[in-house]
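Hi,

Here is the structure I promised to send over. Have a look at it first, then read on for what I found in it.

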Amino acid sequence: MDLLLNFGRWLQNTTWALSITGSDWAYPFVQLIHFSGLSLWIGTILAVDFRLLGIGRDRQTAAQLSDSVFAWNWAGFAIAFVGGFMLFACSAETYLRNPAFLVKLGILVPAGLICHIFVQRKSRDWTTASELSRAARIAGLVELLLWLSVAAAAVLIPTVG
Amino acid sequence: MIRICEWLEQVRWIVALNSSATSAVIVELIHYLSFFLLVGTIVFVDLRILGVAARKQSLTAIAEQLFPLTWLGLLFVTLSGFVLFAGDATAFYRADVFQWKIEVIIAAVIFGLLVQWQVSREARSSRRSLTGRTTTKLLALVSLVLWIGAILASLEVAALTGLG
């Protein structure tokens, strides 16, 4: 933990992190990058999960929808990651002492990512039949709950900090 | 209007929802996730119209699949947003940046509806003229910019007023 905190102290004192923290306009724009990426990432994940659960229109199969959004889904993740890292860098030590942040980034995000990659790889097998399989519905629900818990941990960061 | 805001702040169920830590977190969670659903799906349709996403897939199929989720997101973001607003209605109402946020969101919703209308009009029409596609692309571009503006305005409300 000490090693991690030392890294956090070093990171938040880098020139670029200090320039974001010290600027009136830079911080909201970094937040904009993070939230724009999150909108694409989470928005497209929710759309596929709802389709797996049989919620909404059936104009596309879950596999077709997953293929359609694939590139921009991961582009959203990359944008959210870059913005998130910059936000983290501004107060790295504080974040590393926050239990909600540690649970979010140490457990829930990796679990969500593993589940998401699994769902993307398997969605074609689950939706070749005309009706959604039980496995598809369960996977959609599990992924939905995982990202819901990631968002819950994120919302709790200011409360438990 | 201020009197309505003051009355809203005293409504029993609004006070109950905002004063309990658990329910406040749940409302905030619904607000964030429905906002991501709303913006993520509409921005993806806009990107498809602009020709930078899912070019091999039919625009009509993507739009018909995603637009109901966009409006579902709008419904929940409005309901949860109303509860969050009502808890501090007077302060929100007095903040200029909150009024700008609402104006940008209303404009973005109008352009979202125009994009949906234009896509369904093009889908019905067998003759897809170049002019029609250009209009749709222009509407999609404005919609995209407005939704990015809506995110920025939402962030600025918290940054400049400490509300939300």
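**What turned up**

B:Val115 sits in helix H6 (residues 96-124) of chain B; helices here are DSSP runs of H or I at least four residues long, strands are runs of E of at least two, and both are numbered from the N terminus. Before going further, bear in mind that this is a predicted model, so local features need pLDDT of at least 70, side-chain atom pairs count only at pLDDT 80 or more, and totals for chains, interfaces and linings use all residues. Residues are numbered from 1 along each chain as its sequence is written, while chains are lettered from A and ligands numbered from 1 in the order in which they are written.

Back to B:Val115: this residue is buried, because 26 other C-beta atoms lie within 10 Å. (Buried means 20 or more other C-beta atoms within 10 Å of a residue's own, exposed means 12 or fewer, and partly exposed is in between, with C-beta atoms placed from the backbone.) Leaving out residues up to four places away in sequence, B:Val115 touches B:Val45, B:Asp46, B:Ile49, B:Thr136, B:Leu139, B:Ala140 and B:Ser143; a contact is two C-beta atoms, placed from the backbone, within 7 Å. B:Val115 and B:Leu141 are 26 residues apart in sequence, and their C-alpha atoms are 9.8 Å apart in space.

B:Asp46 belongs to helix H3 (residues 21-49) of chain B. Is B:Asp46 buried or exposed? B:Asp46 counts as buried, because it has 25 C-beta neighbours inside 10 Å. Its contacts, again not counting residues up to four places away in sequence, are B:Val115, B:Ala140, B:Ser143 and B:Leu144. The C-alpha atoms of B:Asp46 and B:Val142 are separated by 9.2 Å, although these residues are 96 apart along the chain.

**Around H3 of chain B**

H3(B) and helix H4 (residues 59-87) of chain B have axes that come within 7 Å and cross at roughly 150°. The axes are lines fitted to C-alpha atoms, for helices over the stretch in contact, and angles run from 0 to 180 degrees between N-to-C directions. H3(B) and H4(B) are therefore roughly antiparallel; that label is for angles over 145 degrees, with under 35 roughly parallel, 65 to 115 roughly perpendicular and the rest oblique. Their crossing is left-handed, as the near helix is turned anticlockwise from the far one by less than a right angle (clockwise would be right-handed). The contact of H3(B) with H4(B) has 21 nonpolar residues, seven polar and one charged. For those classes, Ala, Val, Leu, Ile, Met, Phe, Trp, Tyr, Cys and Pro are nonpolar, Asp, Glu, Lys and Arg are charged, and the others, Gly among them, are polar.

In the loop between H3 and H4 of chain B you'll find B:Ala54. Phi of B:Ala54 is near 40°, a positive value in a residue other than glycine. B:Ala54 is also buried, because 22 other C-beta atoms lie within 10 Å.

**Where the chains meet**

In total, 29 residues of chain A are in contact with 29 residues of chain B. On the chain A side, helix H3 (26-52), helix H4 (62-90) and helix H7 (134-160) each supply at least two residues. H3(A) gives the most, with 14 residues.

The axes of H3(A) and H3(B) come within 7 Å and cross at roughly 90°, which means that H3(A) is roughly perpendicular to H3(B). Residues of H3(A) that take part include A:Leu38, A:Ile42 and A:Gly43, and those of H3(B) include B:Phe36, B:Gly40 and B:Phe44. By class, this contact of H3(A) with H3(B) has eleven nonpolar, five polar and no charged residues.

H7(A) also packs against H3(B), at an angle of about 120° with the axes 10 Å apart, so the two helices are oblique to each other. H7(A) passes H3(B) in a right-handed crossing.

**Confidence**

pLDDT is the predictor's confidence in each residue, from 0 to 100. Chain B averages 90, and 95% of the residues score at least 70. The model scores ipTM 0.91 and pTM 0.92.

Cheers
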